[in-house]
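I opened my notebook today to look over a new protein chain. My plan was to begin with the whole chain and then turn to single spots.

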Amino acid sequence: MITFRWFGPRDPIPLAHIRQIPAVRGIVGALFDIPVGEPWPLNRIAALREDVERHGMSLAVIESIPVHEDIKLGRSTRSRLVDNYCESVRNLGSAGVPVLCYNFMPVFDWTRTELARRLDDGSTALAYDDAALAKIDLSRGTADLPGWATAYSADELGKLLDAYRSVNEDKLWENLAYFLERVVPVAASSGVRLALHPDDPPWSIFGLPRIVTSGAALERVTSLVDDPANGITFCAGSLAADASNDLTAIVRRLGAKGRIHFAHCRNIKRTGARSFQETAHPSEFGDIDMRAVLGALHDTDFAGPIRSDHGRMIWGETGQPGYGLHDRALGAMYLHGLWEGITRG
Ligand SMILES: [Mn+2]
């Protein structure tokens with residue numbers, strides 16, 4: 001099923017417009033006003049689902065319920081926070097939401113150094129360059145970080161970065177295992193499939209550990225708790241930023257185990273070592289053979305939600321970087337066309 005991310009009532013793109021993209025039948029949604037660490041109330045999730053269904057679509061995925069930093073840090077408060085996370089997962093199950101996409105990146109979610117790089121055709125796209133990242137001064141908090149939604153003051157960010165000095169990759173894996181050992185059984189009994197999103201970009205930034213960066217790491221995630229409910233989000237653009245990630249091989253290995261529960265399909269063009277820019281979705285514009293990726297998903301009987309990912313800004317649209325309507329809608333139509341060709345070919 002082709003899906004589309006929607007940021008709720010504050011999203012300038014109404015559900016009624018998303019419904020008019022011919023391919024899209026599912027919404028990837030979330031609640032954006034619940035403090036991180038608090039449980040998500042069943043009535044709020046149910047209301048979101050009803051809103052989506054009133055517009056002729058289904059609530060296919062929640063992306064995402066953020067994992068509190070204390071869980072990633074392994075602090076003693078994690079026990080209560082994991083209990084709250086389990087309560088949210090149970091409530092997703094009760095509300096009939098089948099997939100939960102989440103990530104385990106310390107402090108920073110997906111990170112770019114430019115939000116509007118001009119491409120040859122006059123459109124703009126998100127871009128990342130490690131050299132530019134190195135110049136960002138975090139002593140002012142997240143004020144200088146482009147597009148960073150979660151604002152940290154200098155003091156808060158400093159304390160958080162200090163706390164992570166004692167968390168290396170091994171420790172982060174341990175903390176992920178603690179989380180999964182407690183959440184996966186709840187997900188399994190609630191009818192919810194967990195879909196861990198790979199780190200974006202797939203390497204350490206600002207000296208923080210990042211562990212979900214490759215096919216081998218994704219396989220390790222699924223083996224920490226060997227249950228079908230413990231799966232991953234296959235994000236083509238995130239993984240492709242590292243040229244050593246063989247996307248179709250990753251799909252075939254994880255897909256054969258039935259552990260890909262959600263797919264993000266966008267294209268990127270690598271512009272150097274640890275440097276890339278996002279592009280239009282079709283294969284010819286970037287480094288990803290999208291036909292091969294969808295072919296591998298189909299060959300491994302993938303039947304889950306697929307969404308177009310970040311789009312460029314085109315036709316004068318302004319809005320949340322990466323999440324305008326037009327280019328993501330073109331991406332959805334492209335993915336739908338590829339999928340139709342593959343499944344009816
Ligand atoms: Mn993604």
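My entries follow, from the whole chain down to single residues.

**Ground rules.** I am working with a predicted model, where local features need pLDDT of at least 70 and side-chain atom pairs count only at pLDDT 80 or more, while totals for chains, interfaces and linings use all residues. Residues are numbered from 1 along each chain as its sequence is written.

**Whole chain.** I looked up the secondary structure and found 12 helices and 12 strands. These are DSSP runs numbered from the N terminus, H or I of at least four residues for helices and E of at least two for strands.

Next I checked the overall size. The C-alpha atoms fill a box of roughly 50 × 45 × 40 Å along the principal axes.

I then looked at burial: 45% of the 345 residues count as buried. A residue is buried if 20 or more other C-beta atoms lie within 10 Å of its own, exposed if 12 or fewer, and partly exposed in between, with C-beta atoms placed from the backbone.

**The core.** Which residues touch the most other members of the largest nonpolar core? I noted Leu100, Val183, Leu194, Ala236, Val251 and Val293, out of 89 residues in that core. Helix H7 (residues 169-190) gives the largest share, eight residues. Such a core is a set of buried Ala, Val, Leu, Ile, Met, Phe, Trp, Tyr and Cys residues joined through C-beta atoms within 7 Å.

I picked Ala236 and listed its contacts (C-beta atoms, placed from the backbone, within 7 Å). Leaving aside neighbours within four places in sequence, Ala236 is in contact with Leu247, His264, Cys265, Arg266, Ile288 and Val293.

**Helix H10.** In H10 (residues 247-256), the buried residues are Leu247, Ile250, Val251, Leu254 and Gly255. They sit on the same side of H10, because they cover an arc of only 110° around the axis. The arc is that of the directions from the helix axis to the C-beta atoms. Their cover includes H8, strand E8 (230-235), helix H9 (236-240), strand E9 (260-265) and helix H11 (290-299). Just after H10, I found Gly258 with a positive phi of about 70°.

**A sheet.** I traced an open, antiparallel sheet of four strands in the order E5-E6-E11-E10. Strand E5 (114-118) and E10 stand at the edges with a single partner strand each, so one side of each has no neighbour in the sheet. Strands pair if DSSP finds at least two bridges between them; E5 and E6 (residues 124-129) have three. Arg117 stands opposite Ala125 in E6.

Where is the peptide bond cis? I found one from Glu63 to Ser64, with omega near -5°, and Ser64 lies in the loop between strand E3 (58-63) and helix H3 (69-73). Another cis bond joins Asp200 and Pro201, with omega about 0°.

Is Arg274 buried or partly exposed? I counted it as partly exposed because it has 17 C-beta neighbours inside 10 Å. Arg274 has a positive phi of about 50° although it is not a glycine. Trp315 also has a positive phi, near 55°, and counts as exposed because it has 11 C-beta neighbours inside 10 Å.

Technical notes: Two residues are in contact if their C-beta atoms, placed from the backbone, lie within 7 Å.
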